[in-house]
Amino acid sequence: MSTNILMPALSPTMTVGKLAKWLKKEGDEVKSGDILAEIETDKATMEVEAVDEGFIAKILVPDGTEGVPVNTVIAVLSATKGEVVEAPKAAPAPAPVAVTPPAPVAAPVVAAPVAAPAPAAAEEDRVFASPLARRMAKQAGVDLAGIKGSGPNGRIVKADLEKAPVAPVAAPAPAAAAKPAPAPAVAGAYKAVPNSNIRKVIARRLTEAKQTVPHFYLNSNIEIDALLKLRAELNARSSKDGPGAFKLSVNDLIIKACALALRRHPNVNASYTDAAILIYDDVDISVAVAIPDGLITPIVRKADEKGLPAISNAMKELGAKAKAGKLKPDEYQGGGFSISNLGMFGIPEFTAIINPPQGAILAVGAGEKRAVVKDEAIVIATMMTVTLSVDHRVVDGALGAQFLATLKGLLEDPLSLLL
Amino acid sequence: MADEFDLIVVGGGPGGYVAAIRAAQLKLKVAVVEAKYLGGICLNWGCIPTKALLRSSEINHLLHNLGEFGFSADNIQFDLDKIVKRSRGVSKQLSSGIAHLLKKNKVTVVDGFGKLTGGGHLAVSGPDGKPKALLHAPHIILATGARPRQIPGIEVDGKLIWSYFEAMVPTAMPKSLLVIGSGAIGIEFASFYRNMGAEVTVVEVLDRVLPVEDAEISALARKSFEKQGMKILTSASVKGVQKGADSVTVTVEAGGKEQKITVERVISAVGIVGNVENLGLEGTKVKVERTHIVVDGFGRTGEPGVYAVGDVAGPPWLAHKASHEGVVCVEHIAGKNPHPFETGNIPGCTYCRPQVASVGLTEAKAKEAGYELKIGRFPFIGNGKAIAMGEPEGLIKTIFDAKTGELLGAHMIGAEVTEMIQGYVIARQLETTEAELMQTVFPHPTISEAMHESVLDAYGQVIHF
């Protein structure tokens, strides 16, 4: 039984930190409240307090490591002393130089997987700002979430408000492209609905994605008759109810197929950073779920290692939690690839916006009967169009095409999912 | 062969010794070069000894008002030598305390006068002018402080015309005194000598006493001083003095009219000048403006590797400003990336009776800056503790930005206000609005409740007045 100790976010704006010093060593006992290590950000040095108890089984990030992304596993606690634990494959490993790490928040994508409101909420719930700065922001109609604080521990202070654009929040885009969002033109009488946290985060992350990621699109028409037949046959094998029961959806099969395709084309399961392309060890797939106020992307972890029932049940559980607003941060933060499916709405084809820092996202359209040409004759087949959006800095055209070809192969010949 | 250090601090006053201790905390190898006494003017001939003296004069005042509290006493006497000795003893105790702190922090203390000789070198000479040591460091902070400014024709002679040095160690209580200058130094001495029984006249060239304070506070202070029997002449200037054997006749011009005032002693308290001489600044890129060294927000001068903090680097001439600058300068040198000097939130305290304390903008300055204001006033007469203590005289005035509720300034006069001002300083540091202050529960019964009521008053919610 082991517990991962993660690199904490010491402020809402922190994305990386330096693990300055461990105050415990491997083998030491840890009690709740013990100080484990000192973390340095560009703003402050703070202590990491232990929440869980146990023994330090393994320290994964040594003293003095810089650029450790928030949520990286920095050590592992075991329940008993001397227990051997497998070092968890952290994704990604801390880079030797400070790089922009995969942000803990998966960014939103239009009509598709979206940044969880919770990390956004976790960040936005507690914006550190002085009372005066808060009031000034309110008076000016400026969103504190978009302002970088220059006060102690990243606190937003009066001076930051005096510099902030008066227009609504500027997207955190690269300096060259950044502009405050222009005040929208009003076309007629309207009802003003205040922006919820989710809405604000979607707006910000979407804009960031579109402004900073060079998108490139490839699509593929996939014949899914065989897939649908396999699904029906597998579902027939499930017990009516009980722990072993399952009901596979087409999406579950698509998740599995994507997972296998990502194993075969690992460079698509990657993120761009200026210093290096980060290729993830695990195949963690973010799957879009619509929720009352927007969208969220719970993650199916190690999807390539899970059987179809496991994937399906995980999706059901995560979906229910998502709709109830009960997802935990580690259930929606992370992921190396996203899938968004609008087939249930009858959309034949669409393009999705990438969830930074991921490298790609698959938009899945509706399966519909279409006239296709086979063996020089026109026949009817159930076709499903998928569109792969890739970050061209990570995935070039050929690689994207190869990935889609593999995916098409797996879905059109679903028995190959077993290979 | 120079002794190597990471940092040399020239001057061991509140700017210098604090900088040195902070530097030692940041693991720099530091030396402090001090020509006279550790603790500088503040500890030895300024802030500290005057507070000891003023405590005695405050007690004298109480002794002459015992009836109010149910006591009687005849033949109230004081021993001036003992009063002065106590004050000197306090200074000595604290000065050796500083020596101990520097030793504890492993700061090297070099006795002598430091002079820049270029390339990061500092030549230290003894009181006789003979060379004592040669030090070297990539960073040198000048914290040499300041000394009294002299009025041409009315120079301090140490006998009849005193500076604060002489005023602090009187050998006999003068029967009458004239104080030139009504800033904090002049007023504190005026208050001390008046409460010790001397006839005191204060001459101020501007139109009010304590001219840096809010005008309302200046007016209340004046009223109180005059009630205590001080003579105050404002918009008045000293034209000349004529020295007698044991007295001085001062010619004062006010409103076009001249008058001659004869007193036993004159205290000249017309400001200070920075100690910028003989530091080896000539030939360096260090810029001196009037009498102080020009620095940026981290204490850097025009010369790389040379810094200045404290009185020698300009106003406000306050020990806590010097210490603040010392810390910021050192943290910047050590690569800690501190915020530059913040001068907008430095409180000022004057320990006359009644005390005066303030922080931030005066009403006039706030209006000048274009703010629309909400002003709160609460008199001590509305405060239970003040009345119970027999100190019903005082006022707390708070000034808010009507738009944002920012606390722009706080101005206080009355018993203990110098101890209370920190509340407003902390509040401003945290960028409070009136809301947080109004929500804070102040303890009862304290004079500090008047701070709360003043804020309430600014928003029309005062309870006790």
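**Entry 1: strand E8 of chain B**

I began with strand E8 (residues 139-142) of chain B, where B:His139 and B:Ile141 point one way, B:Ile140 and B:Leu142 point the other way, and all are buried. The model I am reading is predicted. I noted the general rule that side chains in a regular strand alternate between the two faces of the sheet.

Next I looked up the partners of E8(B). Strand E2 (residues 7-10) of chain B pairs with E8(B) in the parallel sense over four bridges. Within that pairing, B:Val9 has B:Ile141 as its bridge partner. Strand E21 (residues 306-308) of chain B is also joined to E8(B), by three bridges, and these two run parallel. Here I found B:Ile140 bridged to B:Val306.

**Entry 2: helix H13 of chain B**

How many of the 10 residues of helix H13 (residues 449-458) of chain B are buried? I found nine, so the helix is largely enclosed by the rest of the structure. Among the buried ones are B:Glu449, B:Met451, B:His452, B:Val455 and B:Asp457.

What do the buried residues of H13(B) pack against? I listed strand E24 (373-379), strand E25 (394-401), helix H11 (417-429) and helix H12 (434-439), which belong to chain B. Just after H13(B), I saw that B:Gly460 has a positive phi of about 70°.

**Entry 3: two helices of chain B**

I then turned to helix H3 (residues 47-63) and helix H4 (residues 80-104) of chain B, whose axes come within 8 Å and cross at roughly 145°. I recorded both values, as two packed helices are described by the angle and the distance between their axes. The crossing of H3(B) and H4(B) is right-handed.

From H3(B), I noted B:Ile48, B:Pro49, B:Ala52, B:Leu53 and B:Ser56 at the contact. On the H4(B) side they meet residues including B:Ile83, B:Arg86, B:Val90 and B:Leu94. By class, this contact has seven nonpolar, three polar and two charged residues.

**Entry 4: chain A as a whole**

Chain A has 419 residues, and 42% of them count as buried. I counted its secondary structure as nine helices and 18 strands. Of the contacts in chain A with a separation of 6 or more, 66% are between residues 24 or more positions apart.

The average pLDDT of chain A is 82, and 82% of its residues score at least 70. Residues 90-124 of chain A have a pLDDT below 50, though this stretch has 137 contacts in the model beyond near neighbours in sequence. Over residues 167-181 of chain A, pLDDT stays under 50 as well, and the model has 34 contacts for them beyond four places in sequence.

**Entry 5: a sheet in chain A**

I looked up an open sheet of four strands in chain A, with the order E1-E8-E6-E3 and antiparallel pairing. Which strands stand at its edges? They are strand E1 (2-6) and strand E3 (29-30) of chain A; each has a single partner strand, so one side of each is left without a neighbour in the sheet.

E1(A) is joined by five bridges to strand E8 (residues 73-78) of chain A, and the two run antiparallel. I found A:Ser2 opposite A:Ser78 in E8(A).

**Entry 6: where the chains meet**

Last, I checked the contact between the chains: nine residues of chain A touch nine residues of chain B. Helix H2 (residues 131-140) of chain A gives the most to the chain A side, with six residues. By class, that side has five nonpolar, two polar and two charged residues.

Terms used: Residues are numbered from 1 along each chain as its sequence is written. Chains are lettered from A and ligands numbered from 1 in the order in which they are written. This is a predicted model: local features need pLDDT of at least 70, side-chain atom pairs count only at pLDDT 80 or more; totals for chains, interfaces and linings use all residues. Two residues are in contact if their C-beta atoms, placed from the backbone, lie within 7 Å. Ala, Val, Leu, Ile, Met, Phe, Trp, Tyr, Cys and Pro count as nonpolar, Asp, Glu, Lys and Arg as charged, and the others, Gly among them, as polar. pLDDT is the predictor's confidence in each residue, from 0 to 100. Two strands pair if DSSP finds at least two bridges between them. Axes are lines fitted to C-alpha atoms, for helices over the stretch in contact, and angles run from 0 to 180 degrees between N-to-C directions. A crossing is left-handed if the near helix is turned anticlockwise from the far one by less than a right angle, and right-handed if clockwise. A residue is buried if 20 or more other C-beta atoms lie within 10 Å of its own, exposed if 12 or fewer, and partly exposed in between; C-beta atoms are placed from the backbone.
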